[in-house]
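Here's a quick briefing to read alongside the structure. Take a look at the model first, then work through the notes by topic.

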Amino acid sequence: MVEIAATETATATKPKNPARKVGLLNRALMVLLLTVVTIWLVVPFTMAVLWSLVDPKTGWEYPDLLPPSLTILRWVEVWTTTALPQAIANSYMLAPTVAVTTLILASPTAYCFARFDFPGKGFAQVLTLLPLVVPGFVLAIFFSSLIFSLGIYSRFLSILMAHCVLFLPYAIRIMTVSFGQVRQDLIDAARDLGARPIAVFRAAYMPALLPGILASLIIVFIQSIEEFAIAFIVGAPNFTTIPSILYSYLGYNFIRPNAAVVSLILVVPNVLLMLGLERLLKSANPAQAGGKG
Amino acid sequence: MNWRRTLLIIALLTPGLGVIVIMIGSVFYVAVMQSFGFYNLVGEESFSLEHWQKVLDSKQFSRALRYSAYIATVAAIGSVTLAYPIAIWLRRPFRGSLVISALLKAPLFVPGLVASFLFLNVIAFHGIVNQFMMWIGVTDAPIRLQNDRGAWGVVFLQLWKNMPFALLLLTGAVQSISDEVLDAARDLGAGSFARFRKIIAPLTVQAMQAALIIIFIGAAGDFAFQVTAGPTNVQSMAQYMVFLKDSFGRWNQAAVVGVSLMVLALCGSLVLAVLSRALLRSGNRW
């Protein structure tokens, strides 16, 4: 890493080279960087996949560079003998609920930030970032203390509340940008043509808001699936989510193959969602720029 | 008309901003009050400085505080230092630059626990690092790299996870500097380091401060990396807080650690923000 950083400064600021030379240097740097990225992404993930496929009979120990035999036995075993199916069900029930609730809570505030000017608006916008600057475990522990004293005993409801607050900053930020992109002339035109509020919303607001709504839903969904501090502190031991199961295999008793299975179950769907999100945002832009929809 | 507008604005802000302020405010309130002996889950409630005294007197606390401050500072400064040259390199798009930037940002989407696990595999006895060291002859037998005492593992994980975040913020800021400004500086004879110090750094100082602050706070409150890959002879603040809560339910003492962690996060990020600005200013006087 340090090496790349050093070489890159050199290229980035080398002024008098002709364009071709810079192109060549960039290509060389790219090869170097791709190698490093392979080492820091491809190798670790390949090892995780291999570990999840290790045959319990033969194991994978020093000095074997690769596991001697592969099997999907671990996947079957983790699936049938641990609380993983329940944890997956919990996580995938919690995350969409959090995503939708957060969007509903965030939208009025975002609308206000985007379409109104009022004294103290800058300060109010900074205040929305509060959940991001409180350390996660402090929030988790004293939130759990708070809900005990309020007499709320539903773990699902408690985690739902905490996740909504924690991820509101993302949803508010995304939706503020989206509401800001709604064009006033389209709203006026729809009104002048006698459209009712619902029709105005569908014609003028919806096309501009849709990418933001989807982006907010996906980002909050991913964050909620991955969140560990609150799910662990508030949910333990009755309500398990995928990260808390993973922690149980990494913490007190370290079971590498099981941790590999759970890691992959946690990461792969989210990476696919992220890729979908990128595509979605790209494809949404042209229609919006043209004001069609 | 005016008061109706005010009411409308308040009504619109309540479900989003209102919920945030009430919830975070209450959590903060509970933590502070608990540290002074109130809001006890069991037992009597009364004002007391005993919990503060007990925690502040313990060696474990001062070690945890120093350790978390150290990890957070190294993570924040290290990530920004690594991200700057890459952001400058990626300032103007070239063939493949989008792929590079996407790959570099990938760790942003890997949860902390998974990152820890991937790292533990790479440094395991038969992991690639040990195999490589034996292949080049540095060592004859694999070395135990997990939970190293110098916390290099935790620092590496922090940089792996946070450098992409710094890169994300800095790329945007660096890209918004116009070519004319940089060309003008070049024509006036500014070398590459002078251009960085006098133009790029001052124009991107806000993004740099944001990256420093957010990374510092995140790393100061780290639990996942420390528990899985960190040294076993010292605890991080979050780990110590969870430990106090879990062992004999010492909630009040956990609250003292929690409040101290918030103070550390606040002071540390303020110091970094002020220092980065001051350094730039003194640099420009040369």
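How many helices and how many strands does chain A have? In this predicted model, chain A has 13 helices and 0 strands. The notes below start with that fold, then go through the contacts and a couple of local spots.

**Chain A overall**
- Reading along the sequence, you get the pattern α-α-α-α-α-α-α-α-α-α-α-α-α for chain A.
- Chain A runs to 293 residues, and 40% of them count as buried.
- Take the contacts in chain A with a separation of 6 or more: 70% of these come from residues 24 or more positions apart.

**Where chain A meets chain B**
- On the chain A side, 72 residues take part in the contact, while chain B puts in 68 residues.
- Helix α2 of chain A (residues 19-52) gives the most to the side of chain A that touches chain B, with 12 residues.
- Sorted by class, that side of chain A has 56 nonpolar residues, along with 12 polar and 4 charged ones.

**Helix α12 of chain B**
- Helix α12 of chain B covers residues 237-246 and is mostly covered, with 8 of its 10 residues buried.
- The buried set in α12(B) opens with Met237(B), Ala238(B), Gln239(B), Tyr240(B), Met241(B) and Val242(B), and it also takes in Leu244(B) and Lys245(B).
- Just after α12(B) comes a backbone detail to check: Phe248(B) takes a positive phi of about 60 degrees.

**Ser154 of chain A**
- Look for Ser154(A) in the loop between α7 (136-150) and α8 (155-180) of chain A.
- Is Ser154(A) buried or exposed? Ser154(A) counts as exposed because it has 11 C-beta neighbours inside 10 Å, and the cut-off for exposed is 12 or fewer.
- Ser154(A) and Arg183(A) are 29 residues apart along the chain, and their C-alpha atoms are separated by 43 Å.

Conventions. Residues numbered from 1 in each chain as written. Chains lettered and ligands numbered in written order. Predicted model: local features only at pLDDT ≥ 70, side-chain atom pairs only at ≥ 80, totals over all residues. Contact = placed C-beta atoms within 7 Å. Helix = DSSP H or I, 4+ residues; strand = E, 2+ residues; numbered from the N terminus. Nonpolar A, V, L, I, M, F, W, Y, C, P; charged D, E, K, R; others polar. Buried ≥ 20, exposed ≤ 12 C-beta atoms within 10 Å, placed from the backbone.
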